[in-house]
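Subject: Handover of a structure

Hello,

I am passing this structure on to you. Please look it over first; my notes follow below.

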Amino acid sequence: MPSIPAKPPRLTGEALCAGYDSRRVLDGVDLTVAEGKLTILLGPNGSGKSTLLKTLARTLTPSAGRVYLDGQDIHRRNTREVAQRLGILPQGPTAPEGLTVRQLVGMGRFPHQRLWQQDAERDARAIREAMAHADVTEFAERSVDALSGGQRQRCWIAMVLAQETDLILLDEPTTFLDLKVQVDLLELLSRLAHEHGRTLLVVLHDLNLAAAYADTLVMMRDGAILRQGAPRDVFTAANLKAVFDLDANVIRDPHSRRLVCVPTPGVHAAATSSPAIKGVAP
Ligand SMILES: Nc1ncnc2c1ncn2[C@@H]1O[C@H](COP(=O)(O)OP(=O)(O)OP(=O)(O)O)[C@@H](O)[C@H]1O
């Protein structure tokens, strides 16, 4: 019986080098984003997370290496084709002045529209569902620039969701969001991966949320991937020290069974060298 050829991974970067002008940021990065999973990219400020996301999404051209989207060099695909398969929310996006939330979310539909062929019903449904998922329906007719930072961030997330791509790349989508809304967003991203088979690559700064929700954690430092794997394998005190230079304990919450990082800077120093504060038990 002839064997069925293996399906190529949805998104792969091979030996990627990229940067800005003469400054190289990524230095030979290899990454395959697992299909139908939530992959979270962690790393200190300036470690190259956004640069990697932009390179994988074709916003930035690598100086060496290749990005493959569904097995084909992403640079050989046309822009519309890429936008129908891959949606990206960059860091700190800005909307044209006066745009309403519904109009902004509707921009996510552009890759699916042609002058002579539009499916108004499908567009309207996608916009409606994306606004409901991101919880921005109540702001639909308001101007984006009259919203708070967190409300605006949710509108951008809705725009990416309206694009209805199987691959979603989000750069720090929880910026400006309060903790409850951050958790709601991660629950949504987790459902998109596990119930709807979407493939997500998300940059986050919150280590505990990353460990709680990621199927795979990818840890970057100085333009290279230092560690990657399931949180139970890579979310360790030793790795947090190696990647972030962070002194921390990693413990398992007995109720949720989730891993939690507790920073411990200067714990030993305080116990041994700082004078006791009068009246306060050590
Ligand atoms: N447009 C740009 N022009 C020149 N240098 C840039 C540009 N964008 C980023 N850099 C530099 O590239 C390096 C990596 O930046 P990048 O934004 O990829 O890091 P990051 O890990 O996403 O950081 P952060 O967590 O702070 O968002 C940094 O030293 C940064 O100063």
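Of the contacts in the chain with a separation of 6 or more, what percentage comes from residues 24 or more positions apart? The share is 62%, where two residues count as in contact if their C-beta atoms, placed from the backbone, lie within 7 Å.

Some ground rules. This is a predicted model, so local features need pLDDT of at least 70 and side-chain atom pairs count only at pLDDT 80 or more, while totals for chains, interfaces and linings use all residues. Residues are numbered from 1 along each chain as its sequence is written.

Confidence

The average pLDDT (the predictor's confidence in each residue, from 0 to 100) of the chain is 89, and 90% of the residues score at least 70. Over residues 269-282 pLDDT stays under 50, and there the model has 1 contact beyond four places in sequence. The model scores are ipTM 0.98 and pTM 0.89.

Overall

The chain contains 10 helices and 12 strands; these are DSSP runs numbered from the N terminus, with helices being H or I of at least four residues and strands E of at least two. Its C-alpha trace spans about 75 × 50 × 45 Å along the principal axes. Of the 282 residues in the chain, 35% are buried. A residue is buried if 20 or more other C-beta atoms lie within 10 Å of its own, exposed if 12 or fewer, and partly exposed in between, with C-beta atoms placed from the backbone.

Helix α5 covers residues 149-162 and reaches 20 Å from its first C-alpha to its last, close to the 20 Å expected (1.5 Å times one less than its number of residues). Of its 14 residues, 12 are buried, among them Trp156, Ile157 and Met159. The buried residues of α5 pack against β6 (86-89), α3 (101-107), α4 (120-133), β7 (167-171) and α6 (179-194). After α5 comes Glu164, with a positive phi near 50°.

In α4, the buried residues include Ala126, Ile127, Ala130 and Met131. They lie on the same side of α4 because they cover an arc of only 125° around the axis, the arc being that of the directions from the helix axis to the C-beta atoms. Glu121, Arg122 and Ala132, on the other side of α4, are exposed. The buried residues of α4 pack against α3 and α5. Asp135, which follows α4, has a positive phi near 60°.

Core

A nonpolar core is a set of buried Ala, Val, Leu, Ile, Met, Phe, Trp, Tyr and Cys residues joined through C-beta atoms within 7 Å. The largest one has 71 residues, of which Ile40, Val105, Ala158, Leu169 and Val202 touch the most other members. Helix α5 gives the largest share of this core, 8 residues. Apart from neighbours within four places in sequence, Leu169 is in contact with Leu53, Leu56, Ala57, Leu86, Ile88 and Leu201.

Strands

Two strands pair if DSSP finds at least two bridges between them. Strands β3 (residues 38-42) and β9 (residues 216-221) run parallel and are joined by 4 bridges; Thr39 has Thr216 in β9 as its bridge partner. Strand β10 (residues 224-229) pairs with β9 in the antiparallel sense over 5 bridges, and Ile225 in β10 is the bridge partner of Met220. The hairpin formed by β9 and β10 has 2 residues between the strands, and Asp222 in the turn has a positive phi of about 50°.

Regards
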